Amino acid sequence: MNIYTCILIMFCAGVGASSALAADSDSGKMVFFEKSIRPLLIEHCYKCHSESKGEDKGGLTLDTQSGWMDGGDSGPALVPGKISESLLIEAVEQRDPDFAMPPKYKLSGPEIARLKEWVAMGAPDPRNGKPGKLEPSSIDIAAGRDFWSFRPVKSPLVPVVKSADWPGDPIDHFILAKQTGKGLVPVADADRATLIRRATYDLVGLPPTPEEIRAFINDPAGDREALARVVDRLLASGHFGERWGRHWLDIVRYGESMGRTRNYPFPFAWKYRDYVIASFNKDKPYDRFVTEQLAGDLLPAKDNRQSDEHHIATGFLALGSMDLNERDREKFKLDVIDDQIDVTGRAFMALTTGCARCHDHKFDPIPTADYYAMAGIFGSTNTLSGYGNRQGGGNKLNSSTLISLSDKGTLPAVVKPPQPGGKEMKLQQQLAKLKKEENSLMEELKRFNKSGKGKQEKISARAAPEFNPRRTQQRIKQLKGQIKRLNGQLSKLANARKGGGATSGNLAMGVSDAQKIANCRVRIRGDVDNRGAEVARGVPRVLTNGQQPQLSPDSSGRLELARWMSDPSHPLTARVMVNRVWHHLFGSGIVRTVDNFGQSGERPSHPQLLDHLAIRFTSEMDWSVKKLIRAVMLSHSYRLASKYSESNYAVDPDNTLFWRANVRRLEAEALRDAMMSVAGTLKLEPAQGSLVQKLKGGEIGKSGGGPSVNSFAHRSVYLPIVRNYLPEFLQVFDFAEPASVIGRRDITTVPTQALYLLNDNFVIEQSRLAAVRLLKDDRLDNPEERIAGAYLLAFGRTPSGGELAQARRYLGNAADDGQLPEEALGGLIQALFASAEFRYAL
């Protein structure tokens with residue numbers, strides 16, 4: 001058997017033991033339409049193809065579903081599921097100049113890609129009926145509060161179970177009671193080797209060392225007590241924050257570049273990453289964690305260090321992926337606000353609040369007015385990402401739109417740019433003079449044309465009239481060129497003065513309160529120019545008891561929003577976080593749609609357990625994430641094996657009642673870190689800063705791609721997350737899309753992954769270095785011991801007799817073929833890396 005056959009067999013073996021996540025639900029597709037398609041159509045298409053505006057060029061309207069289905073003079077605009085047959089895609093790609101839309105410009109590549117993705121998924125479109133003015137909301141807020149997730153959290157009675165010796169925590173009473181009710185019997189416990197591997201990956205994202213495995217297996221204490229020692233040790237490790245911080249970075253759409261149309265770098269985003277890691281390591285109370293991210297800049301600080309920490313936390317609101325090519329400043333601002341409403345709603349409350357931007361929410365009791373009530377809060381906030389839109393100087397990193405952190409005892413503040421220098425002032429004076437002359441000539445030309453003299457016979461070139469329109473037009477053209485050149489020079493000088501292009505300095509992304517605190521007016525159908533009534537700043541009414549938080553007229557309202565959201569009485573905040581923790585420890589949440597607790601999400605499998613944990617989380621645990629994790633991991637339910645049971649499977653094939661452990665594929669970061677850990681090449685100390693800081697200034701993709709990670713030896717959480725330029729390993733193994741809120745990653749098993757593990761230089765090199773490590777280990781005297789060492793490092797167990805014999809046979813054949821011991825053993829380890837057992841936690 002050669003190495004290639006061996007690797008492919010190992011990759012495929014055991015894949016059937018796990019199942020991929022179900023395809024996106026219809027509600028998820030509708031969310032995609034609302035977030036990615038409707039705003040695009042409004043911005044680029046409605047001007048010429050909107051029934052509500054009386055514009056139907058070519059007989060086509062695009063502001064209703066029936067509009068594109070009926071189509072125009074050329075037929076239906078779309079064929080759902082068929083990109084190549086859809087006229088709309090052909091038009092926006094502009095392959096035929098006579099059939100190009102929009103007629104005066106071309107959509108960006110990402111915009112065209114979103115339209116193609118929409119058509120490919122079947123062109124879901126919730127719009128029906130006729131468009132028109134915003135109608136009064138028909139949502140019954142009071143009735144909406146009866147939905148399970150909007151009701152107050154209440155402490156349920158712990159169920160009584162017959163097997164009194166089985167539960168290790170009240171959690172187990174709820175789990176066992178449900179199983180018993182369905183005639184299910186939980187499978188036996190996992191063996192200790194499996195359990196410590198599962199727990200170590202869950203808490204720190206690394207494989208356990210052979211010494212840790214032996215210590216746990218040989219611990220004479222009972223399983224729960226022995227596991228408690230392991231859990232406490234891992235919770236105290238600095239690697240805990242790296243593992244669980246990465247989970248949070250998925251949720252908050254963390255990225256280190258703008259993405260979209262102009263992909264400029266975020267050289268200071270890493271400070272927010274490090275803040276998150278440190279917060280999990282310090283076990284910062286979750287309510288405080290929420291408050292700092294929404295309003296850290298408004299909190300008091302005991303010293304400069306804490307003040308810096310608070311300001312960096314607000315980077316949560318500044319990390320969004322925006323379209324810097326957007327010329328309309330108000331549209332750009334509203335898009336930033338929409339991103340902030342979306343990430344706030346989904347990260348902390350698992351609500352798709354952003355879907356109410358253009359109309360009342362299609363599924364949940366969130367009227368458009370409530371969306372714009374929140375928009376007033378974020379609209380009264382300055383977003384300091386380092387960039388503005390194209391008209392606002394968005395082409396260069398600008399330190400004046402970042403936060404200056406403390407330096408020599410001064411508190412953080414928004415940087416005030418220095419005043420223009422002598423050269424800049426001189427050019428400004430020249431520019432003003434030229435503009436004055438241009439305006440004067442334009443006015444003279446206008447008066448001349450109105451007088452009717454322009455229609456008289458042509459003026460002789462030799463004549464010297466008082467006013468010569470031809471020469472005036474030539475002079476105006478000349479002035480425009482001079483003004484354009486001066487504007488370019490001034491832009492460069494102003495950008496340099498404001499720190500344009502700077503990637504160093506004690507700066508951070510974040511937010512601050514705006515000078516002008518104001519409510520926001522509704523934008524009917526999401527159209528920035530179609531203004532409706534002004535809405536007082538506030539929060540979604542369905543989540544209140546009828547009383548809005550009292551917002552100060554002198555501040556944005558973010559602090560009041562944060563305190564309202566982190567109050568123990570809030571119906572969603574604790575439930576959502578408890579569910580996220582459960583999802584990461586069991587492979588599926590009590591509510592499987594971890595980012596959607598609304599009507600279109602799934603219902604909880606154990607609603608009473610969810611409330612029980614939420615109450616404990618906010619009361620006896622005092623919002624401690626580590627205490628919550630510890631309690632869940634020390635439950636008997638967590639210790640179950642992943643063994644198959646035919647009778648249980650017949651009743652509960654999806655394991656929604658947790659009668660066994662779910663087999664879980666390791667995330668891309670854990671796979672990379674594990675390979676390097678086996679090879680002994682992983683640097684366990686935290687990386688300083690980010691490789692993004694080393695990128696040349698300018699747009700990524702035009703001034704070069706993402707930073708090289710070939711020699712990067714730190715943990716994967718510190719890899720540069722450049723939007724559209726992710727490291728290949730992360731892309732292949734389903735890394736979270738860094739422009740979206742992702743609480744549950746996709747899990748795929750595709751040929752690309754097998755080919756990567758077979759051919760990639762990184763995998764081959766780590767396999768070779770792992771072989772070198774084993775060959776240099778003086779404790780290993782023969783091939784059998786090295787094979788056992790490889791299995792222990794990779795799988796956390798020793799090989800079976802059959803596996804040992806097969807590996808010996810492979811090494812013997814390799815030696816007969818003339819391979820060096822390092823090459824042969826490296827090939828065996830590469831096969832182990834490619835195996836299902838290495839890629840999955842059992």
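**Group meeting talk: cores, loops and cysteines**

Let's start with W118. W118 touches F32, F33, I37, W68, L78, A123, P124 and D125, leaving aside residues up to four places away in sequence. Contact here means heavy atoms within 4.5 Å.

Before I go on, some ground rules. This is a predicted model, where local features need pLDDT of at least 70 and side-chain atom pairs count only at pLDDT 80 or more, while totals for chains, interfaces and linings use all residues. Residues are numbered from 1 along each chain as its sequence is written, and side-chain values use heavy atoms, with hydrogens and water left out.

Back to W118. It lies in helix α5, residues 109–120. Helices are DSSP runs of H or I, at least four residues, and they are numbered from the N terminus. Is W118 buried or exposed? W118 counts as buried because its relative accessibility is 1%. Buried means under 20% relative accessible area, exposed means over 50%, and partly exposed is in between, with a 1.4 Å probe and protein chains only. Now look along the chain. W118 and K29 are 89 residues apart, but their C-alpha atoms are separated by 8.3 Å.

Next, the cores. A nonpolar core is a set of buried Ala, Val, Leu, Ile, Met, Phe, Trp, Tyr and Cys residues, joined through side-chain atoms within 4.5 Å. In soluble globular proteins, nonpolar side chains tend to be buried together. How many residues does the largest nonpolar core have? It has 180. L203, W248, Y272, Y286, W582 and I629 have the most contacts inside it. Helix α15, residues 329–349, gives the most to this core, with 9 residues. Another core lies apart from it, with 23 residues, among them F33, L41, L62 and A123.

Take Y272 as an example. Not counting residues up to four places away in sequence, its contacts include W248, L249, V252 and Y254. Further on, Y272 also touches Q293, I312 and F316, among others.

Helix α30 covers residues 821–833, 13 residues in all. From first C-alpha to last, α30 reaches 18 Å, close to the 18 Å expected at 1.5 Å a residue. That expected span is 1.5 Å times one less than the number of residues. α30 is mostly covered, with 10 of its 13 residues buried. Among them are A824, Q830 and F833.

On to the loops. H714 is found between α24 (668–679) and α25 (728–732). H714 counts as buried because its relative accessibility is 15%. A polar atom of its side chain lies 2.9 Å from the backbone oxygen of E685. N724 is found in that loop between α24 and α25 too. Which is it, buried or exposed? N724 is exposed, with a relative accessible area of 57%.

Most residues other than glycine have a negative phi. N724 has a positive phi of about 75 degrees, although it is not a glycine. R260 also has a positive phi, near 60 degrees. R260 sits in the loop between α11 (239–251) and α12 (270–281). At 29% relative accessibility, R260 counts as partly exposed.

Last, the cysteines. How many disulfides does a search of the whole structure find? It finds 0. A disulfide is a pair of cysteine sulfur atoms within 2.5 Å. For C355, the nearest cysteine sulfur is that of C358, 9.5 Å away. C355 is buried at 6% relative accessibility. C358 is buried too, with a relative accessible area of 4%.

Technical notes: Helices (H or I, at least four residues) and strands (E, at least two) are DSSP runs, numbered from the N terminus. A polar contact is a pair of N or O atoms within 3.5 Å; within protein, one must be able to donate a hydrogen and the other to accept it, and residues adjacent in sequence count only if both atoms are side-chain atoms.
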